[in-house]
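Welcome! Take a moment to look over the sequence and the model, and then we will walk through a sheet and a pair of helices together.

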Amino acid sequence: MTNTNLLKLNLGPQHPSTHGVLRLILELDGEKIVSCKPDVGYLHRGMEKMAERLSYVQYYPTVDRIDYLAGFFYSELFCEIIEKALNVELSERVKAIRVLLLELNRIASHLLWIGAYLMDLGAVSPFFYTFRERELILKYFEKITGQRMMNNYFIFGGVRRDIFDIEDVEEFLEILKTKIKDYERIIDSNPIFLQRTKGKGVLEQNVALNGAITGVNLRASGVNLDFRTKHKLYEGYEFTPIVSEGKDCYTRYRARVLELNESSKLIKQAIEKLKQNSALNQTLIQPIGLKLPAGEFYSEIEAPRGLASCYVKSDGENKPYRLKWRTGSYYAVNLLRKLLKGTYLNDAIAIAGSLDIILPEVDK
Amino acid sequence: MNYLYFLYIEFLTKHNVPQIIGDITFYCIPITIIFIVLLLVVLALVLAERKLLGWFTQRKGPNRVGFWGILQTLADALKLLCKENITPSSADRFLFNLAPILMFTPALVVLGLIPYSSEFMFVNFQTNVLIYIIFAGFPILSILIGGWASNNKYSLFGGMRNVSQVLAYELPIAFSLLGVITLASSMNLGKITLAQSTQYGVLGWFWMPCIIGFIVMFISILAELNRCPFDLPEAESELICGYNTEYSGMRFALFYLGEYSLLFANALFLSVLFLGGYLSPFGKYISTVFFGGQIGEILLYFEQVFWLILKSFFIIFVVIWIRAVFPRMASFDLLKFSWAFLLPISILNLLLMVLLKYFMGGVYA
Amino acid sequence: MNIIEFKNLFGESELFGEKIIMKSDIAKSLQFLKENYGYNILKEIIAIDNRDDIELSYRLYSPDDDEDVIITTFVKGEAESVSKIFDSAVADEKEIFDLFGIKFTCNDELERLYMPEGWKGHPLRKNYEENDERLKWND
């Protein structure tokens, strides 16, 4: 071969398809990627440092900014830590409300991903179609919590106020069911979409496990691992984790679409439970002057972008001694080094997009 | 055009104007009218695309500037005119400035080659088709120069992608064009139009016998114009904006307008080749049926222009429709699609056309 | 997992709550757990500044047993890298290097991650002094 100089390309941090401020330092031979080095930190807000100087209730509103598309999950994690530390049991209705909102949030997050991913591939319309349905969820959130995103609705020991207008959710589920079929018609039968995603970005099972990839990405590689199955909130709920064998971008897309259905099932069950338990019955924790007993506390949940967990070490003060977040996207970004090597530039966009990376989660 | 000419000269001599002035100005009037109309059409196209894309995606599209948003493109153009023209410090100044001009001028030149009606043909060479193809190929040079001169890696990628793409898709265009030329036995666009006026009406137009050629050519022209799903040279989600990443202000506007006039020119070209050009789809012209005499015959020419533009609008609508539905192709598949699929079937199409001409040549005599 | 067997193999360890505290041989023991007990996900590495030393907790997870195990070690300044065993550790170690200033041997990707290049100090250390002009707004 001839001796060629590699072209160094800075993909990002300001780039339309890096979903925020991810910077990929690519070395290209023609359009082929020889090496990829992710550079993160452009959105670092010091979430962990901040926790060490704010009291628990002061810190709590910042928590769902870690992943603004799935804020409920991080609220839930943080509340769970407090509840675990103080041994507070949640009532059935509170649990059902939390499951309902978490799963709605998951649907909203996945819908956004589907639109944004198709946008990455160059199709303009699906973005607006999925946003149309996501809008219904956000409208409901606004009704219930007063906010569209970053809701701060879960509080230590319960929820801020009781839920209402559940018919809206039921109506939305009916709409979503028909719309999913529409998405399938416009996306799944599109030959160019299939060509660009099938067989691209194959993520082998051991590579995924080794890279600590969790969530949909791992399940699309054929590992049956869903942290919802052992989570306390989801006790008594029936659902089947979507496990598929394809390992490529298309499978990851399909898995997310199927997960919409699965989440709808969970929401329906949550609505049933809400109807059975009409009393809120919550014992709220007084947040002002709240001190956790000394010790270590850990909570984890299956967020839309993989396993999210929160670790708190307390020394008995009103602030955590150390607080650590684990987010799914951070490990997905780390995996890009391996996954993008040897692909072409426009495949690289499809592959990086398919992992559902969101940058505030990476940079914390 | 003789009839109109005599009317005009008669009108002038009545008012004591020498005939020589009439000879000179006669050709200027329709040319000016049609060019103004064309430029307006290009401006309208930009609006139409945004409106249509809006409707496809359940939005309203531009609706603030002017009634129903019709002044939006003008406002955009005005904004671009007022913007600062930035030349990157490391760019090659001469080439950087040359590229937009190279994009816009050929787009105007090719518009002059189209037969808008049986009388309005500005440039009437025997080999119109060849000249069209030569000038329609100019933007490739402009995009390459623009991509190179910007001294930006994304622009360079855009330019390079465009060259490989256009090279791959020129051949299918040439071969399907040959099919049409064989059927019409002429390289003159006017004669190609006339050859389509058979007793079969709409079915006699070349899209019917040459359906493969039509589809191949349509796809290839999408690729030549860098339209979705072949918009790799300016792939927004990959190359930011491709070859025109570094362009701003008027230079960007020239690129933009050049692109749309080329889209319009190519749509006209396609309708002339395959959709009967200025021929009426009903066989008879409406103006001759409703208005007799002189007025009818003058209106006839404008009706022909109307039919041609209507047909080209249909093609443009399909192009925009495709953009609303399809994702972008991968660069490797794109080249494979042309070399391994479009090229062979366009050659096959040419063979079919030769056979058709041999056995059923009488229809298009 | 059979803790006694684990103890026999790696003598210098003690069980403390749900944690296994090790003095050395972190990489070896993680490899052992990965190969023999199916702990093939390293969920995260948690670093805690205990003022006189830094505690590193490796949270391993076994998808088959659905069980966590935490291997803890205490280090000062330098630690053994496990990035050869778990790919995800590259990311964790980078983060810990940035925020705690622990150098992991054999991890050649250690550089500033969140903090800008040339930043002084490691922010999650308890003795970290905020001396940067940009942070003065807070006072």
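## A sheet in chain A

In β2(A), A:Leu28 is the bridge partner of A:Leu7. Five bridges join β1(A) to β2 (residues 23-29) of chain A, and the two strands run antiparallel. Strands here are DSSP runs of E of at least two residues, helices are runs of H or I of at least four, and both are numbered from the N terminus. Two strands pair if DSSP finds at least two bridges between them.

The open sheet has three strands in the order β1-β2-β3 (chain A), paired antiparallel. Because β1 (7-11) and β3 (32-39) of chain A stand at the edges with a single partner strand each, one side of each is left without a neighbour in the sheet.

## Two helices in chain B

Now turn to chain B. The axes of α11 (residues 249-274) and α13 (residues 293-325) of chain B come within 8 Å and cross at roughly 115 degrees. Axes are lines fitted to C-alpha atoms, for helices over the stretch in contact, with angles from 0 to 180 degrees between N-to-C directions.

Residues making the contact include B:Leu263 and B:Phe264 of α11(B), and B:Ile315 and B:Val319 of α13(B); contact means C-beta atoms, placed from the backbone, within 7 Å.

## About the model

This is a predicted model, where local features need pLDDT of at least 70, side-chain atom pairs count only at pLDDT 80 or more, and totals for chains, interfaces and linings use all residues. Residues are numbered from 1 along each chain as its sequence is written, while chains are lettered from A and ligands numbered from 1 in the order in which they are written.

Conventions. Two residues are in contact if their C-beta atoms, placed from the backbone, lie within 7 Å.
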